[in-house]
Amino acid sequence: MARKTSFYYSFLVLPAAQRQAIIAVWDFCRAGDDAVDEDGAAVAGQPTGREAIAFWRADLARAFEGGAPVTPQARRLQPLIAPFDLPRQAFEDVIDGVAMDLDTTRYQTFDDLFEYCRRVASAVGMICIKVFGCRTERAREYALHLGVALQLTNILRDVKDDLARGRVYLPLDDLRAHGCTVDDLARGQITEPVRSLLAFECRRAREFYRKAAALVPPEDRKRLAAAEIMRAVYFETLMRIERNGYDVFGTRTRVPRPLQAIIALRQWLWT
């Protein structure tokens, strides 16, 4: 797990076995996403783009069905499936979400975007709560809402980078409602319509963070310490976007590593 990721400090608080499992899950999901993304680094002998979907789905099947996985990511994942009761459908959902990036560059409605967020982010949360030992419906609802909150934060942070790839994740219905166009976003200027749009999307992300925080099951609070650290770090990213006047077109919004460590310690002590 690279220290530069926003997840680094949240994983440090986990017991060794859980940390190993979470890293294996993260590596598998990340590898599939990188293979599909046109900017992802190709791995020798592994397909990229559209062919990668079938490739990673097949290796997932081998891992879950007792076969011999061909990728190191699936091989590391396989022995962890039974002990942690990892849900295969959630991995399938992640692959389905990654596949959406091959064909979808615009989302008309928030409902459409919600389904994307559910697949690429909330599904990972559904896997993580199994590793953490959470089994309640409330924990699953927490994972759903937190995943959407995190992905919306990523989308806001990465507006400029996504535009460079020809992608706009902000719902077109929202652009229209705020008098904004894709061309307005592409110009990279914080006009009033652009500011109004981004402020609205930040409020939406805040609401998902609020729902997630309200759903933390009291009996699982300590089990969810890592997820709560992640929530706090990403929420800081969202607040920085807001404090910066919603300028997501200049320097990419980041939370400095020392501050991430402070947030992680504060959150861990609180739980």
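1. Let's start with the aromatics. Phe28, Phe55, Trp56, Phe64 and Phe91 make up one aromatic cluster. Keep in mind that this is a predicted model. A search across the whole structure turns up 11 aromatic pairs. In one of them, the ring centres of Phe55 and Trp56 sit 5.6 Å apart with the planes at 85°, so that pair is edge-to-face. As for accessibility, Phe55 and Trp56 are both buried.

2. Another pair to look at is Tyr209 with Phe235, also described as edge-to-face, with 5.3 Å from centre to centre and 75° between the planes. What does this pair tie together? Tyr209 belongs to helix α11 (residues 192–215) and Phe235 to helix α12 (residues 225–243), so the pair links parts that are 26 residues apart in sequence. Tyr209 has a relative accessibility of 2%, and because the cut-off for buried is under 20%, it counts as buried.

3. Next, charges over rings. Arg204 lies over the face of Phe110, 3.9 Å from the ring centre. Lys211 does likewise with Phe208, at 5.2 Å from the ring centre.

4. Helix α6 (residues 110–132) deserves a look along its axis: it has a kink of about 45°, and the kink is centred on Arg118. Just past the end of α6 comes Gly133, with a positive phi of about 90°.

5. Now the packing of helix α3 (residues 50–64) on helix α4 (residues 72–84). Their axes are 8 Å apart and the angle between them is about 35°. The crossing of α3 past α4 is right-handed. Which residues make the contact? From α3 they are Trp56, Asp59, Arg62, Ala63 and Phe64, and from α4 they are Gln73, Ala74, Gln78 and Ile81. Two of these names come back from point 1: Trp56 and Phe64 are also members of the aromatic cluster.

6. Still in helix α3, have a look at Arg50. Is Arg50 buried or exposed? With a relative accessible area of 53%, Arg50 is exposed, since the cut-off for that class is over 50%. Setting aside residues up to four places away in sequence, Arg50 touches Leu102 and Asp103.

7. Ala21 lies in helix α2 (residues 16–36) and counts as buried, at 0% relative accessibility. Leaving out neighbours within four places in sequence, its contacts are Leu80, Phe84 and Val131. Between Ala21 and Phe64 there are 43 residues of sequence separation and 15 Å in space, C-alpha to C-alpha.

8. Last, the backbone. Most residues other than glycine have a negative phi. Which residues here go the other way? Asp85 is one, with a positive phi near 55°. Asp85 sits in the loop between α4 and α5 (88–103) and is partly exposed, at 42% relative accessibility. Tyr246 is another: not a glycine, yet its phi is positive at about 70°. Tyr246 lies in the loop between α12 and α13 (257–270), and at 17% relative accessibility Tyr246 counts as buried.

Technical notes. Residues are numbered from 1 along each chain as its sequence is written. This is a predicted model: local features need pLDDT of at least 70, side-chain atom pairs count only at pLDDT 80 or more; totals for chains, interfaces and linings use all residues. Side-chain values use heavy atoms; hydrogens and water are left out. Rings of Phe, Tyr and Trp (its six-membered ring) pair if their centres lie within 6.5 Å; planes under 30 degrees apart count as stacked, over 60 as edge-to-face and the rest as tilted. Buried means under 20% relative accessible area, exposed over 50%, partly exposed in between (1.4 Å probe, protein chains only). Helices (H or I, at least four residues) and strands (E, at least two) are DSSP runs, numbered from the N terminus. A charge sits over a ring if NZ of Lys or CZ of Arg is within 6 Å of the ring centre and within 35 degrees of the ring normal. The bend at a residue is the angle between axes fitted to the seven residues ending there and the seven starting there. Axes are lines fitted to C-alpha atoms, for helices over the stretch in contact, and angles run from 0 to 180 degrees between N-to-C directions. A crossing is left-handed if the near helix is turned anticlockwise from the far one by less than a right angle, and right-handed if clockwise. Contact means heavy atoms within 4.5 Å.
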